[in-house]
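Q: I have a model open on my screen and would like to go through it with you. Could we start with the terms and then take it piece by piece?

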Protein chains: 2
Amino acid sequence: MASEQAGIEVFNQGGEGPFVLTCEHATNEVPEEFGNLGLDDALLETHIAWDPGARPVAEALARLLDAPLIMPQVSRLVCDCNRPHGSADATPARSEIYEIPGNRDLTLEQREARARRFYEPFREAVDRTLRHRLQSCGAAILVTIHSFTPIFKGKARDIQLGILHDADSRLADAVLEIVEKEAGLIVGRNQPYGPEDGVTHTLRFHALPLGLLNVMIEIRNDLISDRSEQVGMARRLADYLQEALASIGTADKTVSHA
Amino acid sequence: MASEQAGIEVFNQGGEGPFVLTCEHATNEVPEEFGNLGLDDALLETHIAWDPGARPVAEALARLLDAPLIMPQVSRLVCDCNRPHGSADATPARSEIYEIPGNRDLTLEQREARARRFYEPFREAVDRTLRHRLQSCGAAILVTIHSFTPIFKGKARDIQLGILHDADSRLADAVLEIVEKEAGLIVGRNQPYGPEDGVTHTLRFHALPLGLLNVMIEIRNDLISDRSEQVGMARRLADYLQEALASIGTADKTVSHA
């Protein structure tokens, strides 16, 4: 079901629905030559290296929505594909409370080399997939799946689900309206992060210029720690997204550039 | 005094002070093959194509501070060098109230081609210059000079001078403290735009990762419409910046990465 290209993986590539999923922090894989970026193995298991639980939720969601799902095959610490090409944010020298020795004092050339190897194939796959869905399905809706840590810098986070957007909030508004009616989930708009933290890069880069409906979903990772929670969350998200899409109506799926 | 490289111009390249200036919207030049991007000549004279007055202010400031000044040699409409590599914001399909026909429905490949030709040389020159100043002077302070239109979408703007910053506000704080004591200028922090509008890209990309002091200065363009106003504004800015730097103290010019 998965197809591998250099540096990226596309799950359910033949998906025929209007949704296109991305999961930028799906893996904590660090290629051997980076020497663990100077970090202990144990630290590479934590949220600083990836979004635990996000990949299984995204895969289950891709199946439910019949959506292609595009994922980089590298840890966000080597190259964060949800940050601009070659930016220092894509190769952070610090993450939460931890220094990342292998990212210290990188030159522009070193940052660019990582972007060419890891970010460019991801970006091209997302672009190609969105345009293909637009052409063959008449619509493409970008949804990016992330998870966040329940404890950040020693403080517990109450919020359980974040619905994030950049300048185009149509889909996020519709999802929020639905989720807020549901009991049992503490939800926030542009929480625990927002566009001012640079987290809406994929939405901004790919969805906004094409006028595509788009939303970023952040799930607190302690709520998706086992298979049954992951599938349960994917089912809820599939329902929210399909209901939200129906409430927006088909006429408004793309912005005309004419 | 100016040295030309492919696509960029470095004014006062041998400047020996700690300041490094950029002026991303110095020119309204559109290479012939872009066919005016489909716009009337008259529209290319307005603020949508460049920051009127910013270049002469930046050049006078470069002389006063003995600072190198780096400028792309292309209109922001062809490639906005204060936006991320290949982003749609760098080749806007719309600016203020105007459609830009030559930027409509650009593919990722077309956006990337513009980035390679115009953005990459600028970015490399800024990086090289900052590292050279750091090495030879022990400090590098990034100041980017812009102007804004007094009337935006039909509304008059009262603010005359904007002092903008991203995550590191040290220099902006010090400049604001000085400017606010002065009579006769309506000044604002992160106005008329701010980091949420994506305007702090150069600061974020170049200054933050190196821990360099940095600030973005936005001048209302009707205050710098002739030579004497431009030189007068440059003198005031030179004083503010030098006084701000002195108030911060030399010990704090860079953040140690050790």
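A: A term first: helices (H or I, at least four residues) and strands (E, at least two) are DSSP runs, numbered from the N terminus, and the expected span of a helix is 1.5 Å times one less than its number of residues. This is a predicted model, in which local features need pLDDT of at least 70 and side-chain atom pairs count only at pLDDT 80 or more, while totals for chains, interfaces and linings use all residues. Residues are numbered from 1 along each chain as its sequence is written, and chains are lettered from A and ligands numbered from 1 in the order in which they are written.

Q: OK, how far does helix α3 of chain B reach from its first C-alpha to its last?
A: Helix α3 of chain B, residues 170-181, has twelve residues and reaches 18 Å between those two atoms, close to the 16 Å expected at 1.5 Å a residue.

Q: And which of the residues in α3(B) are buried?
A: B:Leu171, B:Ala172, B:Ala174, B:Val175 and B:Leu176 are buried, where buried stands for 20 or more other C-beta atoms within 10 Å of the residue's own, exposed for 12 or fewer and partly exposed for anything in between, with C-beta atoms placed from the backbone.

Q: What covers the buried residues of α3(B)?
A: The cover includes the chain B strands β7 (141-148), β10 (161-164), β11 (187-189) and β12 (214-220), together with helix α5 (227-248); contact here is defined as C-beta atoms, placed from the backbone, that lie within 7 Å.

Q: Let's stay with β7(B), then: how many of its residues are buried?
A: Eight of the eight residues of β7(B) are buried, so the strand is largely enclosed by the rest of the structure. In a regular strand the side chains alternate between the two faces of the sheet. Both faces of β7(B) are covered, with B:Ile141, B:Val143, B:Ile145 and B:Ser147 buried on one side and B:Leu142, B:Thr144, B:His146 and B:Phe148 buried on the other.

Q: Which sense does the pairing of β3 with β7(B) take, parallel or antiparallel?
A: Strand β3 of chain B, residues 19-22, pairs with β7(B) in the parallel sense over four bridges, and strands are said to pair if DSSP finds at least two bridges between them. In that pairing B:Val20 stands opposite B:Leu142. β7(B) also runs parallel to β12(B), joined to that strand by seven bridges, and there B:Ser147 stands opposite B:Ile219.

Q: Switching topic, what rotation superposes chain B on chain A?
A: A rotation of 180° with 0.1 Å of shift along its axis does so, at an RMSD of 0.0 Å, and that is the relation of a two-fold axis. In chain B the C-alpha nearest the axis belongs to B:Glu196, 2.6 Å from it. The copies are superposed by least squares on the C-alpha atoms of residues with pLDDT of at least 70 in both.

Q: Over in chain A, where is the kink in α2 centred?
A: The kink of about 40° in helix α2 of chain A, residues 108-137, is centred on A:Arg116, the bend at a residue being the angle between axes fitted to the seven residues ending there and the seven starting there. Just after α2(A), A:Gly138 takes a positive phi of about 80°.

Q: Last one: what kind of peptide bond joins A:Gln191 and A:Pro192?
A: A cis peptide bond joins them, with omega about -5°, and A:Pro192 lies in the loop between β11 (187-189) and α4 (201-210) of chain A. In chain B, a cis peptide bond joins B:Gln191 and B:Pro192, with omega about -5°.

Methods. Contact = placed C-beta atoms within 7 Å.
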